[in-house]
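Student: Hey, I've just opened this one and I'm a bit lost. Can you walk me through it?
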Amino acid sequence: MRTALRRGLTAEGMEVSVAADGPEALRLATTGAFDVVLLDVMLPGMSGYRVLEKMREQDVTTPVLLISAKSGEVDQADGLDLGADGYLVKPFSFLVLVAQVRAMLRRRDHAGQQACLRVGALEIDRTSREVHWDGQPVTLSPREFGLLVALASHPESVVPKDDLLRMVWGEEQFVTRNVVEVYVGYLRRKLSAVGAGEVVQTVRGQGYRVCVDA
């Protein structure tokens, strides 16, 4: 189902990352780097309910659409009470799922939740996908933008290469950790052009981080 949904949503023009279990889903979701989270209730390692509960405990307000084979009113009420924005029962129509996702995106855009990330002089508008450094525009490709959002969502925290690979590239085949290094280089060059070359820093042997005081 993960593969089918990723292919279908990608065909609808969306950038999709996937997680195979609850702990990985929580790690990705708490970055705040996503516009919508589709969350299956029955996940190995940690249930979707628990993932959702921990997301809300950490003040992650990303809209969540729960997917479950449980059709009972109590199950649906429990999910909504935990902070889900929608609940879809299996088997479901892909067209209905896409419609619900787009409705959540519209509500999010209207509310402006998590629309703008600010790290020092760095401003990232996730709705318009625009980046500015000290008022100067920085033009980024979709991958570079996704990489910067993933890092800026955790300022001063080190984000491992493997996590960046999952967040930005998902389950794309033949993509290796070296690709992350290449795109970090692209990103740094574009930031350097506006005087922000030290914003993205390498922590040797661990990963990368966005520095607030750069």
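Student: What kind of model is it, and how are residues numbered?
Tutor: It's a predicted model, where local features need pLDDT of at least 70 and side-chain atom pairs count only at pLDDT 80 or more, while totals for chains, interfaces and linings use all residues. Residues are numbered from 1 along each chain as its sequence is written, and side-chain values use heavy atoms, with hydrogens and water left out.

Student: Which domains does the chain have?
Tutor: The assignment gives domain 1 (1-112) and domain 2 (120-210); such bounds come from an automatic or database domain assignment. Their centres, taken over C-alpha atoms, are 24 Å apart. Across the two, 17 residues of domain 1 are in contact with 14 residues of domain 2, where contact means heavy atoms within 4.5 Å.

Student: What does UniProt say about residues 1-105?
Tutor: An unreviewed UniProt entry places the feature "domain: Response regulatory" there. UniProt positions are given in the numbering used here, feature names are shortened, and annotations may be inferred rather than shown by experiment. In the model, that span is 47% helix and 12% strand, and its end C-alpha atoms lie 22 Å apart. Helices (H or I, at least four residues) and strands (E, at least two) are DSSP runs, numbered from the N terminus.

Student: How do strand 1 and strand 2 pair?
Tutor: Strand 1 (residues 37-40) and strand 2 (residues 64-68) pair in the parallel sense, over 4 bridges. Two strands count as paired if DSSP finds at least two bridges between them. From strand 1 the chain passes through helix 3 (residues 48-57) to reach strand 2, a right-handed β-α-β crossover. Right-handed means that, with the strands pointing away from the viewer, the path from the first strand over the helix to the second runs clockwise.

Student: OK, Asp 40 next. Where is it?
Tutor: Asp 40 sits in strand 1. The unreviewed UniProt entry puts "modified residue: 4-aspartylphosphate" at Asp 40.

Student: Is Asp 40 buried or exposed?
Tutor: Asp 40 counts as buried because its relative accessibility is 17%. The cut-offs are under 20% relative accessible area for buried, over 50% for exposed, and partly exposed in between (1.4 Å probe, protein chains only).

Student: What does Asp 40 touch?
Tutor: Leaving aside neighbours within four places in sequence, Asp 40 is in contact with Gly 48, Ile 67 and Lys 90. Its side chain also reaches the backbone nitrogen of Met 42 at 3.0 Å.

Student: You mentioned Lys 90. Which bond joins Lys 90 and Pro 91?
Tutor: A cis peptide bond, with omega about -10 degrees. Pro 91 is in the loop between strand 3 (86-89) and helix 5 (94-111).

Student: Let's switch to domain 2. How are strand 4 and strand 5 arranged?
Tutor: Strand 4 (residues 116-119) and strand 5 run antiparallel and are joined by 4 bridges. They form a hairpin with 2 residues between them, and Gly 120 in the turn has a positive phi of about 60 degrees. Strand 5 is also joined to strand 6 by 4 bridges, again antiparallel, and Glu 123 stands opposite His 132 in strand 6.

Student: Which residues of strand 5 are on its covered face?
Tutor: Leu 122 and Ile 124, while Glu 123 and Asp 125 are on the uncovered one. In a regular strand the side chains alternate between the two faces of the sheet.

Student: What's going on at Asp 134?
Tutor: Asp 134 has a positive phi of about 50 degrees although it is not a glycine. Asp 134 is in the loop between strand 6 (130-133) and strand 7 (136-138), and counts as exposed because its relative accessible area is 60%.

Student: And the sheet with strand 10?
Tutor: That's an open sheet of 3 strands in the order 8-10-9, with antiparallel pairing. Strand 8 and strand 9 (200-203) are at the edges with a single partner strand each, so one side of each is left without a neighbour in the sheet. Thr 202 has Tyr 208 in strand 10 as its bridge partner.

Student: What about Val 210?
Tutor: Val 210 is in strand 10 (residues 207-210) and is buried, with a relative accessible area of 0%. Not counting residues up to four places away in sequence, Val 210 touches several residues, including Val 119, Leu 151 and Glu 156.

Technical notes
Polar contact = N/O pair within 3.5 Å; in protein donor to acceptor, adjacent residues only side chain to side chain.
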